Amino acid sequence: QPAFSLPMDHGQMAARLGVCVRTLGRAMKAVKEQGWVTVQGRTLAFSAGQLARLQAHCNRLHTQLQDIF
């Protein structure tokens with residue numbers, strides 16, 4: 001199961017992404033609830049099924065953005 005540790009805390013990630021901590025928290029919660037990732041502390045883990053769902057979502061988003069621009 002692919003996994004990686006986040007090198008920064010929520011505050012640092014939010015600042016880097018240009019969002020508030022609350023927005024980042026909501027986004028992380030949604031990602032977990034969608035089953036795209038398993039989060040334990042600062043470690044994110046992906047099963048093959050989770051990666052496939054995340055990739056399909058990103059592909060749909062990419063297609064939508066191409067249609068807009």
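Three strands make up an open sheet here, running in the order S1-S3-S2 with antiparallel pairing. Strands are DSSP runs of E with at least two residues, helices are DSSP runs of H or I with at least four, and both are numbered from the N terminus. Two strands pair if DSSP finds at least two bridges between them. S1 and strand S2 (38-40) stand at the edges with a single partner strand each, so one side of each has no neighbour in the sheet. From one strand to the next, the twist averages 20°; axes are lines fitted to C-alpha atoms, and angles run from 0 to 180 degrees between N-to-C directions.

A word on the model: it is predicted, local features need pLDDT of at least 70, side-chain atom pairs count only at pLDDT 80 or more, and totals for chains, interfaces and linings use all residues. Residues are numbered from 1 along each chain as its sequence is written, and side-chain values use heavy atoms, leaving out hydrogens and water.

Let us look at one pairing. S2 and S3 are joined in the antiparallel sense over 3 bridges, and Val39 has Leu44 in S3 as its bridge partner.

Now for the aromatic rings. Searching the whole structure gives 1 aromatic pair. Phe4 and Phe46 form this stacked pair, 6.1 Å centre to centre with 20° between the planes. Ring centres of Phe, Tyr and Trp (its six-membered ring) must lie within 6.5 Å to pair; planes under 30 degrees apart are stacked, over 60 edge-to-face, and the rest tilted. Phe4 lies in strand S1 (residues 3-5) and Phe46 in the loop between strand S3 (43-45) and helix H3 (48-68), so the pair ties together parts 42 residues apart in sequence.

| Residue | Relative accessible area | Class |
|---|---|---|
| Phe4 | 41% | partly exposed |
| Phe46 | 11% | buried |

Buried means under 20% relative accessible area, exposed over 50%, and partly exposed in between (1.4 Å probe, protein chains only).
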